[in-house]
Amino acid sequence: MKSIYLLLTRSDTYVSKTIGLATSDKYTHISMSFEENLEPLYSFARKYKRTPLPAGIRHEALYSGFYEKCNHIPCALYELKVDEETYEKARNHVDDMMENADCYRYNVLGLILCRMNIAYDRKGRYFCSEFVSEVLEKSNAIELPKHPSLMRPADYTNIDGINCLFDGKLHELKSSIRPGYQYC
């Protein structure tokens, strides 16, 4: 069995605060990784530390970029166990998207429609949880409880088969990440 890791966070940016106010969700962002040390993480996120747009498919790193100075934010790390074929499908899907990153944009409209519970696919446009949901669904890693465009980061905390490995502050997670470490 292989593992796909899902990192849920809630930063103190204006965008995250706005999403949190609109949803009352504990977490407002999700990233995925195929590595136990979470390097790299993949998500749809800001391209530059200081501005929310432009945004698109990105590598995210725990020790540089946006997360470098966000040690105090709440986070949760989840693990989804999958077979080798599913793991490779998911990884290849993300690799293909990364190779064609210029073809993808952030789905601001989709984010609004998600809050209104209106499913809507926009070709080449994603928000963070829509991206993760599509990758997991298309690779048959998991059966989602709703359409990928309606999935929010907090929804992953209630899906059977996805196990919580860590729930706390980002600095605590960073200090615990090392090969073979049991988070819980």
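Helices here are DSSP runs of H or I with at least four residues, strands are runs of E with at least two, and both are numbered from the N terminus. The model I am presenting is predicted, so local features need pLDDT of at least 70 and side-chain atom pairs count only at pLDDT 80 or more, while totals for chains, interfaces and linings use all residues. Residues are numbered from 1 along each chain as its sequence is written, and side-chain values use heavy atoms, with hydrogens and water left out.

I begin with the overall layout. The protein chain holds 5 helices and 8 strands, in the order β-α-β-β-β-β-α-β-α-β-α-β-α from the N terminus on. Of its 184 residues, 50% count as buried, meaning under 20% relative accessible area with a 1.4 Å probe, protein chains only. For contacts, defined as heavy atoms within 4.5 Å, I consider residues at least 6 apart in sequence: 63% of these contacts join residues at least 24 apart.

Next, the strands. Which strands are joined to S5 by bridges? Strand S1, residues 2–9, runs antiparallel to S5 and is joined to it by 8 bridges; Lys2 stands opposite Val82 there. Strand S8, residues 162–169, is also antiparallel to S5, with 7 bridges, and Pro74 stands opposite Lys169. Pairing requires that DSSP find at least two bridges between the strands. Strand S5 itself spans residues 74–82, and because 7 of its 9 residues are buried, it is largely enclosed by the rest of the structure.

I turn to the interior. A nonpolar core is a set of buried Ala, Val, Leu, Ile, Met, Phe, Trp, Tyr and Cys residues joined through side-chain atoms within 4.5 Å. The largest such core has 37 residues, and those with the most contacts inside it are Ile4, Leu6, Met32, Phe131, Leu136 and Tyr156. Elements that each supply at least two of its residues include S1, S5, helix H2 (84–99) and helix H4 (128–138). A second, separate core has 15 residues, among them Leu7, Leu62, Ile73 and Cys75. As for Ile4, leaving aside its neighbours within four places in sequence, its contacts include Met32, Tyr78, Leu80, Val82 and Leu136.

After H3 comes Asn117, whose phi is positive, near 60°.

Finally, the aromatic rings. Rings of Phe, Tyr and Trp (its six-membered ring) pair if their centres lie within 6.5 Å; planes under 30 degrees apart count as stacked, over 60 as edge-to-face and the rest as tilted. By this rule there are 6 aromatic pairs. In one of them, the rings of Phe34 and Tyr42 have centres 6.1 Å apart and planes at 55°, so the pair is tilted. Phe34 is buried at 4% relative accessibility, and Tyr42 is buried at 6%. Phe44 and Phe131 also form a tilted pair, with centres 5.3 Å apart and planes at 55°. Why does this pair tie together parts that are 87 residues apart in sequence? Because Phe44 lies in strand S3 and Phe131 in helix H4. Phe44 is buried at 1% relative accessibility, and Phe131 at 0%. Phe44, Tyr104, Tyr126 and Phe131 form one aromatic cluster.
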